[in-house]
Amino acid sequence: MTAPIEARVALVTGGSRGLGAGIVEDLLAQGYAVATCSRSRTDQVELWEKEHPDRFHFQTADVSVEADATRYVKDTVARWGRIDVLVNNAGVAGEGMIALTDDGMIDRVVDLNIKGTLYVTRAASRTMLARRSGAIVNISSVVGLSGYRGLSVYSATKAALDGMTRSLARELGSRGITVNSVAPGYLRTEMSHGLDADQLKQIERRTPLGRLGDAEDVARVVSFLVAPENRFMTGQVLVVDGGLTA
Amino acid sequence: MTVDRARAVIVEFLQRANKEFGELTDDLSLYGGGLELDSLEAAELSAVLEDEFGSDPFSTGDTLPETVGEVLAFYNAA
């Protein structure tokens, strides 16, 4: 193992594009060392590697595969000595009427969104327990709270994450580890829950703040939750949706 | 020696956890009637040992250790 890095160390799953990339960008701007993973590299990843060679690391991993998830966490600990922050962002949407949903889609969404999150959290919580310190944020979704036609599988997985947040907050709180969820509304990212342009325009009209969200809107809330100064808030779901579900 | 270091890690962990303990004999139970670890403390000990040695008997052994001696035996065999 190399000497522990001075910067706070954050793991962000699925950080190569979309919302995850916004979270990585925000944490890098604040001086964090950030390790992210996804199934494939992007141009953004290569840019960060050039800009922050000492405190950015990308690893190809499919966290729905247990061995990949565990290796990603252990490699980060070996590289930087610890994990201060875990942001469980990796997820996949799946759209369709439940009556016509095939097994493959259910497996794909459940395996990544729930099982992948549990695999990474299990491994990361161990290193946080050893140090009695850490902050975990699960990126869930407003559709897990309010529901949306055609997103039953995705909604089920996101509601599951909020349940996991509450249980883990109770389980790990006595060891100085906070666990919260951020439930974004509908974003202008590559994966807006599998919704089409007309659906997104309708959502925009119904949103009090009059627009879809940006990755930066959500990243700011994640940064607040994982800040070392935030030590008395855990087990909560913060909704970031422009007031849509207010 | 790994076993001696493992014993020292257990002692450090018990001190951190504010556990009262005397001599760590091999047959001393980790749980009721012994060190009285609860499930979270057992998970924490597992994590601390893995952090120090890269593996631990709780997550990689064939059976979960019940006594101090069974924890130490894992490292003795390694």
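How many salt bridges does a search of the whole structure find over all chains? The count comes to 20. Keep in mind that this is a predicted model.

Chain B is built from four helices, with zero strands, so the pattern along its sequence reads α-α-α-α.

Looking at contacts between residues at least 6 apart in the chain B sequence, 49% join residues at least 24 apart.

## Where the chains touch

Here 13 residues of chain B are in contact with 11 residues of chain A. Between them the two chains bury about 1,000 Å², with 43% of that on carbon and sulfur atoms. Three residues stand out on the chain B side: Leu40(B), Glu44(B) and Asp51(B) supply 48% of the area chain B buries against chain A, more than any other three residues.

There are also nine residue pairs in polar contact between the chains. Helix 2 of chain B (residues 39-53) gives the largest share of the side touching chain A, with nine residues. By class, that side has five nonpolar, two polar and six charged residues.

Six salt bridges run between chain B and chain A. One of them pairs the side chains of Arg126(A) and Asp56(B), at 2.9 Å from N to O.

Side chains of opposite charge can pair when their charged atoms come close. Inside chain B, Lys19(B) and Glu41(B) do this, with their closest N and O atoms 3.0 Å apart. Lys19(B) sits in the loop between helix 1 (2-16) and helix 2, while Glu41(B) is in helix 2, so the pair ties together parts 22 residues apart in sequence. Both ends are buried: Lys19(B) has 18% relative accessibility, and Glu41(B) has 9%.

Over in chain A, Arg82(A) and Asp84(A) form a salt bridge at 3.0 Å. Arg82(A) is buried at 15% relative accessibility, as is Asp84(A) at 11%. Arg41(A) and Glu49(A) also pair up, at 2.4 Å, but here Arg41(A) is partly exposed at 38% and Glu49(A) is partly exposed at 27%. Chain A also holds a network of salt bridges linking Arg188(A), Arg211(A), Asp214(A), Asp217(A) and Arg220(A).

Definitions and conventions
Residues are numbered from 1 along each chain as its sequence is written. Chains are lettered from A and ligands numbered from 1 in the order in which they are written. This is a predicted model: local features need pLDDT of at least 70, side-chain atom pairs count only at pLDDT 80 or more; totals for chains, interfaces and linings use all residues. Side-chain values use heavy atoms; hydrogens and water are left out. Contact means heavy atoms within 4.5 Å. Buried area is the accessible area (1.4 Å probe) that two parts lose on being put together, summed over both. A salt bridge is a side-chain nitrogen of Lys or Arg within 4 Å of a carboxyl oxygen of Asp or Glu. A polar contact is a pair of N or O atoms within 3.5 Å; within protein, one must be able to donate a hydrogen and the other to accept it, and residues adjacent in sequence count only if both atoms are side-chain atoms. Helices (H or I, at least four residues) and strands (E, at least two) are DSSP runs, numbered from the N terminus. Ala, Val, Leu, Ile, Met, Phe, Trp, Tyr, Cys and Pro count as nonpolar, Asp, Glu, Lys and Arg as charged, and the others, Gly among them, as polar. Buried means under 20% relative accessible area, exposed over 50%, partly exposed in between (1.4 Å probe, protein chains only).
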